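Me: I would like to learn how to read a helix and its packing in a model. Could you take me through one case?

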Amino acid sequence: MFRNWDDILNAIGSKPSETYWVVQKYIERPLLYLGRKFDIRVWVLITNKREVFFYKHGYIRTSSDTYDTKNKNNYVHLTNNCLQKFGDNYGKHEEGNTLSFNSLLEFLKQTFPNLQIDFEKHVVSKMKDFVIDSYLSWKKNLNPNKRKNVFELFGYDFLLDEDLRTWLIEVIGYYPMQLYLNLKHQ
Amino acid sequence: MLDIVLDPLFPPINDVRNGRANDFDLIYCEGGSVYSDKPLNVRSPFYVSRYPFPELDPKNTGQEANKGGVEYEARMSKTNQLRSSSVESNTDNRIANYHCSLEIIFKNLYNHINFRAEINPEVVNSHLTKILGALKNWELLSSKHISLACKSLHLIANSAANVILSDQNHILSISKLLSSENMKLEIQLAAVSYLSNSPINRIFWL
């Protein structure tokens with residue numbers, strides 16, 4: 001994390017040439033789950049027929065430690081399982097630092113008792129918007145060899161802020177599925 | 001999706017496509033899908049606010065604090081309880097720093113520009129950098145301090161020190177302010193004043 005433009009330039013300048021980096025705005029006021037940061041992982045499947053499917057059963061990935069912008073420890077700010085699993089508090093609050101959509105919905109209802117929260121309408125539909133926007137931005141790069149009967153699976157990470165706005169954090173093309181399978185098994 | 005993975009030469013005896021819930025929502029297709037005869041795009045219209053609840057939109061909470069206040073306050077109090085106190089104090093400190101420095105900057109600029117025989121561009125430039133830095137996070141500023149920052153911009157733009165406005169970094173910061181989402185009219189006006197008084201603009205006119 002950087003706090004000013006010069007630090008960003010210095011960091012990028014120190015990287016090997018011919019490498020590419022993305023600079024993203026840090027969301028300073030994320031919605032917290034019991035004081036800890038979380039993000040939402042959903043899967044999107046895109047076929048060679050240019051069909052985009054949104055998998056209904058996403059899940060929540062929580063951080064192990066209490067959120068604090070002063071704390072520079074990555075375990076506080078990044079919820080990636082590949083990072084969190086090395087933390088001392090991994091699994092202390094939730095098994096595999098993972099929760100279902102239903103758990104999040106329950107939490108939202110308790111946190112915002114005066115709002116009629118419809119998870120599909122207020123959160124999922126926003127995520128779908130981002131999926132379509134991102135797909136349209138790079139669809140020409142998909143399936144460059146025009147292969148038939150193929151599909152690609154993407155992991156989309158979203159974050160909710162204090163105002164319940166949805167933010168797209170990143171899209172990745174490969175990720176371990178074991179965690180999800182464990183959650184499904186539960 | 002199953003159509004892709006099912007073997008077309010040796011189809012399964014029990015076709016799982018029947019009587020099994022489909023956990024995948026088709027949200028976009030350009031035609032030719034077995035799930036939709038017509039092209040499909042479920043994207044919300046672009047005029048739909050990014051705030052799912054109008055009560056939580058700063059536009060509404062700022063202008064209609066009393067009107068939408070009950071739910072907003074309930075939300076804030078709950079969220080604040082959950083948020084660690086250190087985050088609160090950190091944010092408060094940042095806001096306090098902004099507020100304090102903006103008042104001092106405006107006073108210093110006012111005195112420097114109006115009462116000094118010679119204006120030192122480096123001093124003005126240093127203040128300008130701080131003002132633009134504060135306006136970059138204008139959501140954290142109160143109306144009073146936004147007003148102070150805008151006044152400071154007007155002051156520089158209309159002074160003999162406005163030669164520093166042509167600095168490329170400052171121009172970039174100003175253009176970012178103009179293109180920011182939900183930018184306040186007051187800031188936009190100050191930014192426009194800035195650009196119209198910039199020596200670069202005069203070159204265009206010449």
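Me: Which residues in H5(B) are buried?

Reply: In this predicted model, Val124(B), His127(B), Leu128(B), Ile131(B), Leu132(B), Ala134(B) and Leu135(B) are the buried residues of H5(B), where buried means that 20 or more other C-beta atoms, placed from the backbone, lie within 10 Å of the residue's own, and a helix is a DSSP run of H or I with at least four residues, numbered from the N terminus. Local features need pLDDT of at least 70, side-chain atom pairs count only at pLDDT 80 or more, and totals for chains, interfaces and linings use all residues. Residues are numbered from 1 along each chain as its sequence is written, and chains are lettered from A in the order in which they are written.

Me: How is the packing of H5(B) and H7(B) to be read, and at what angle do their axes cross?

Reply: Two packed helices are described by the angle between their axes and the distance between the axes. The axes of H5(B) and H7(B), residues 168-179, come within 10 Å and cross at roughly 25°, the axes being lines fitted to C-alpha atoms over the stretch in contact, with angles running from 0 to 180 degrees between N-to-C directions. That makes the two helices roughly parallel, a term for angles under 35 degrees.

Me: Which residues of H5(B) and H7(B) meet?

Reply: Leu128(B), Leu132(B), Leu135(B) and Lys136(B) in H5(B) meet His170(B), Ser173(B) and Leu177(B) in H7(B), a contact being two C-beta atoms within 7 Å.

How values were computed: Buried ≥ 20, exposed ≤ 12 C-beta atoms within 10 Å, placed from the backbone. Parallel < 35°, antiparallel > 145°, perpendicular 65-115°, else oblique.
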